[in-house]
Amino acid sequence: MKKYTWLILFVLSAFPFFNGIAQSNETTDVSAKILAPISISETRSMHFGTITSGTTSGSCILAPAGTRTASGGIVLSSSTPTAASAAYSVAGNASMTYAITLPSSAVTVTNASASTQTMTVNAFTSSKATGTLSASGTDTFTVGATLAVGANQGAGTYSGTFQVSVAYN
């Protein structure tokens with residue numbers, strides 16, 4: 001019996017040793033990368049230029065490149081102020097891609113001298129759907145849209161605002 005007692009004690013004392021063989025540990029690194037905030041700045045406001053309204057409604061399509069086309073009863077004039085698409089500068093982390101979000105619904109522009117006279121701007125388009133920041137962390141893009149002009153639209157300077165946003169992909 002003594003023989004078995006020593007054998008049992010020997011086996012039981014070896015359990016911590018065997019337990020160590022059945023287990024292993026690994027130290028793992030953890031990290032995070034914080035991006036510089038992305039920013040957007042307007043470098044040029046959108047202007048549809050000078051337009052003459054007619055007896056029927058029409059629209060002025062301003063391309064992101066700054067060119068205009070007319071449809072319906074309006075006439076585009078070369079008088080000042082001339083047409084210009086909106087232009088933006090973007091800054092952030094070098095070589096990162098970003099998405100551009102344009103208004104999805106129409107915005108209203110109002111006659112400065114007759115607040116009851118309005119027109120709508122819609123169908124916003126960008127010179128690019130997504131952008132890539134350069135090695136120095138900058139990029140640019142332009143935005144155009146369509147101006148709906150009513151029949152016999154009242155003369156005056158119309159203005160309004162819209163929002164453009166950018167976000168890292």
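**First stop: Asp139**

Select Asp139 and show what it touches: leaving out residues up to four places away in sequence, you'll find Tyr88, Ser89, Val90, Tyr98, Lys128, Gly131, Thr132 and Leu133 (contact means heavy atoms within 4.5 Å). Before going on, note that this is a predicted model, where local features need pLDDT of at least 70, side-chain atom pairs count only at pLDDT 80 or more, and totals for chains, interfaces and linings use all residues. Residues are numbered from 1 along each chain as its sequence is written, and side-chain values use heavy atoms, with hydrogens and water left out.

Now pick out Lys128: its side chain and that of Asp139 make a polar contact of 2.9 Å (a pair of N or O atoms within 3.5 Å; within protein, one must be able to donate a hydrogen and the other to accept it, and residues adjacent in sequence count only if both atoms are side-chain atoms). Asp139 sits in strand E11, residues 138-149 (strands are DSSP runs of at least two E residues, helices of at least four H or I, numbered from the N terminus).

**Next: Val107**

Jump to strand E8, residues 107-111, where you'll find Val107. Setting aside neighbours within four places in sequence, Val107 contacts Met119, Thr120, Val121, Phe124, Thr161 and Phe162.

**Zoom out**

Colour by secondary structure and look for 1 helix and 13 strands.
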